[in-house]
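The following exercises are to be worked with the sequence and the model at hand. Each task is followed by a solution in steps.

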Amino acid sequence: PSHHSTAITMDPATAAAAAMATLQLPPPPPPPNGAVLALLAALSNHSHDANANTHQLALKARDDALSSSPEGYGDLCSNFCRVLACPTPECIPQEELKKFHDGDVEVFGKCCGWMMMDRTANNNNDYEAKKRQGMMLWNT
């Protein structure tokens, strides 16, 4: 007896559409927490003498968090990844933004200050300029 198989072929566009219809992407990661944003800001601001003590405290806080427990290590690493995956501070809940603000008012103002501006027709150009500058800092 001969075995006869019939292959079903699809044109590439139909095959791609079928693949997209069944492809399920994972949800985006949750935003980082405000404490980690403040920690990263403190770790990044080590060039000024006034911030030297804050930087040393941030290094100690980071090291303590990484060595405290496997859960603490995992939580800090997850939040560091969430910072990298967060495209804009607009994704971060207000209570976490407040923690970031309270942890480092200066860096918060540079990165996220535009979010607190009154957006009226009179200052829309200023708002857009501050947003561009803040987003440039956010993404670096």
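A residue is called buried if its relative accessible area is under 20%, exposed if over 50%, and partly exposed in between (1.4 Å probe, protein chains only). The model is a predicted one, in which local features need pLDDT of at least 70 and side-chain atom pairs count only at pLDDT 80 or more, while totals for chains, interfaces and linings use all residues. Residues are numbered from 1 along each chain as its sequence is written, and side-chain values use heavy atoms, with hydrogens and water left out.

**Exercise 1.** Determine how many helices and strands the protein chain has, and where confidence is lowest and highest.

Solution. Step one: helices (H or I, at least four residues) and strands (E, at least two) are taken as DSSP runs and numbered from the N terminus. Step two: counting gives 7 helices and 0 strands, in the order α-α-α-α-α-α-α along the sequence. Step three: pLDDT, the predictor's confidence in each residue, runs from 0 to 100. Its mean over the protein chain is 83, and 85% of the residues reach 70 or more. Helix α1 (residues 12–22) has the lowest confidence, with a mean of 71, and helix α5 (residues 94–103) the highest, with 92. Where pLDDT is low, the predicted coordinates should not be read in detail.

**Exercise 2.** Describe the salt bridges of E96 and K110.

Solution. Step one: side chains of opposite charge can pair when their charged atoms come close. The rule applied here asks for a side-chain nitrogen of Lys or Arg within 4 Å of a carboxyl oxygen of Asp or Glu, and the count comes to 5 salt bridges. Step two: E96 pairs with K99, the closest N and O atoms lying 3.2 Å apart. Both residues belong to helix α5 and are 3 residues apart, about one turn of the helix. E96 is buried at 13% relative accessibility, whereas K99 is partly exposed at 42%. Step three: K110 pairs with E106 at 3.3 Å between the closest N and O atoms. K110 and E106 both sit in helix α6 (residues 105–112), 4 residues apart. K110 is partly exposed at 47%, and E106 is partly exposed at 47%.

**Exercise 3.** Find how many aromatic pairs there are and classify the pair of W114 and Y127.

Solution. Step one: rings of Phe, Tyr and Trp (its six-membered ring) pair if their centres lie within 6.5 Å; planes under 30 degrees apart count as stacked, over 60 as edge-to-face and the rest as tilted. Step two: this gives 2 aromatic pairs. In one of them, the ring centres of F100 and F108 are 5.5 Å apart and the planes stand at 75°, so the pair is edge-to-face; both residues are buried. Step three: the ring centres of W114 and Y127 are 6.1 Å apart with planes at 75°, so this pair is edge-to-face. It links distant parts of the chain, W114 in the loop between α6 and α7 (124–138) and Y127 in helix α7, 13 residues apart. Both W114 and Y127 are buried.
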